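Let's take a walk through this structure together. Have a look at the sequence and the picture, and then we'll go piece by piece.

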Amino acid sequence: MTARSVTIVGAALAGLRGAEALRRDGFDGPITMVGEEAHLPYDRPPLSKQFLSGEWPADRTSLIGSAQLSELDVAARLSTRAESFELSSRVLELSDGERLVVDGLMITTGSRARVLPGGERMTGLHVLRSLDDAVGLRADLDRSPSRVVVVGAGFIGAEVASTIKTLGIDVTVVEAGRNPLGRVLGDEIGAICGEIHREQGVDLRTGVGVDAIEGAERVEAVRLSDGSRVNADVVVVGIGAIPNSEWLRGSGLTVDDGILCDETCLAAPGVVAAGDVARWPNRRFGEVMRVEHWDNAIEQATHAALRLMHEGPGDEATEFTPVPWFWSDQYDRKIQMAGRVRPGDRSQLVTGSFDERRFAVLFGRSDRLMGVVGFNRPRHVMRYKSMITDGVSFADAVSADV
Amino acid sequence: MKIVVDYDLCESNAVCMQIMPEVFEVRDDDFLYVLDENPGDEHRSKVDECVNRCPKQAISVQD
Ligand SMILES: Cc1cc2nc3c(=O)[nH]c(=O)nc-3n(C[C@H](O)[C@H](O)[C@H](O)COP(=O)(O)OP(=O)(O)OC[C@H]3O[C@@H](n4cnc5c(N)ncnc54)[C@H](O)[C@@H]3O)c2cc1C
Ligand code: SF4
């Protein structure tokens, strides 16, 4: 079966790139893109970087204009949520009450920011996921707060802290782990991330949690698990993301920390998923994974779109086996990582040094090259990423001339 | 078509080079060089892929 029409739920990066891939592949049936946000697809990475710093206006984050979208012949239904889907009847229910019977379905509903367990709501308390979130945070920064507390030193938290500190505002970062990003990059590199924050004048508190956000209407302070209290006019919570897959509970699709797909991104006949919301077995790493990276959203959406078009018997369904890759910009450091790294993997510095904060470190398991982390070494990271793709051994990668 | 790179945005991560090594080259000096600024129209979809996959939105095409 090849779809005669395609409905894409989630009008952001993965949704848009999926629609473009369908058209590139020659699909000329109707494409409808349903999106909860009021905006046409825009780019999120600048929200914690150039948009938050004030360098870029909001419209520079746009990924497509309405004219280009009509040229692509994609109908966008914005400010519309998909409430439910039923696989057996293929009925998609929308927040405006309409029930669409869909043919091909592409799920690209992404993820949302995790909030503090108490679910507090106060003026001055922010998460950063959407353009609207960023506009709200930006407006609070324009009121010259005396101190901002960032909860969580993961990638978003670290970038937010870096951007806000660069604006000349005092920042405290609270991180429950021993080191920022220790779980992703390992404690050795995590410790360097911590040093970088401190050198820039950020008040970094590690190994402590948040007990409460204090304030009436507006945030006044953050009480920490070690008993201390930090005054703040603005608090940004960056403690991870949750896939937007609840709306598919009871649909007949498997919802398990995202939408579970097969190796080829197919979730059910005529249904594919891609981007932050998709979980699938990546054969290259022998691991069922869900990847919250910008580049994956594009690559997976492209793969999933083609999968939807070529799913009949006899059509070659190729497995999706990418080497995950992402970047994060913090202060003047460009951090990049490719592959999959686990605690216990062995590691080896291959270029530069920790002291100059410019280096690449390789990670290996048995004799396999599994990952690479680079600080201000973008070219090296890409070279080693190719070696991971090519299945180069750890020893050969270490001795390679890059 | 003419390829234009905004070097203030480019961070030399060589994503484009992986897609079109015949057009983009990040050399050992860590700078990006555009080897062919005017690839023929038959390369359009590859060039579009470079534009889309550049994480810094540093590549644009002028027709
Ligand atoms: C501030 C910030 C900075 C980032 N920086 C980087 C970076 O430097 N490097 C990197 O690699 N990655 C970065 N990322 C991650 C990257 O942006 C994501 O991986 C990417 O946005 C995923 O795209 P997506 O289309 O899968 O999901 P999303 O971008 O989350 O889009 C999903 C869309 O679906 C909509 N939606 C959800 N549920 C429904 C529903 N039921 N009905 C209709 N619509 C719905 C949502 O409103 C949203 O618009 C960053 C993310 C953020 C938030
Ligand atoms: S992909 Fe973009 S940032 Fe990377 S080297 Fe090419 S132009 Fe520069």
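In what sense do strand S5 (residues 91-94) and S6(A) of chain A pair, and over how many bridges? They pair in the antiparallel sense, over three bridges. Before going on, a word on ground rules: this is a predicted model, where local features need pLDDT of at least 70 and side-chain atom pairs count only at pLDDT 80 or more, while totals for chains, interfaces and linings use all residues. Residues are numbered from 1 along each chain as its sequence is written, chains are lettered from A and ligands numbered from 1 in the order in which they are written, and side-chain values use heavy atoms, with hydrogens and water left out.

Back to those strands. Strands (E, at least two residues) and helices (H or I, at least four) are DSSP runs, numbered from the N terminus, and two strands pair if DSSP finds at least two bridges between them. S5 sits in an open sheet of three strands, ordered S4-S5-S6 in chain A, with antiparallel pairing. Strand S4 (82-86) and strand S6 (99-101) of chain A are at the edges with a single partner strand each, so one side of each has no neighbour in the sheet. If you want to zoom in on one bridge, find A:Glu93, whose partner in S6(A) is A:Arg99. In general, strands of a sheet pair through backbone hydrogen bonds, either parallel or antiparallel.

Now find another open sheet of three strands in chain A, this one in the order S18-S21-S22 with mixed pairing. Its edge strands are S18 (259-260) and S22 (287-290) of chain A, each pairing on one side only. Strand S21 (residues 278-282) of chain A joins S22(A) in the antiparallel sense over four bridges, and there A:Trp280 stands opposite A:Met289.

Next up, salt bridges: a side-chain nitrogen of Lys or Arg within 4 Å of a carboxyl oxygen of Asp or Glu. Over all chains, the count comes to 45. One of them joins A:Glu36 and A:Arg81, with the closest N and O atoms 3.5 Å apart. This pair links distant parts of the chain, as the two residues are 45 residues apart.

Finally, how do the two chains meet? The contact (heavy atoms within 4.5 Å) takes 23 residues from chain A and 18 residues from chain B. Seven salt bridges run between chain A and chain B, and in one of them the side chains of A:Asp329 and B:Lys56 meet at 2.4 Å, N to O. Several elements of chain A supply at least two residues each to the side that touches chain B, among them helix H1 (13-24) and helix H8 (294-309). Helix H9 of chain A gives the most, with five residues.
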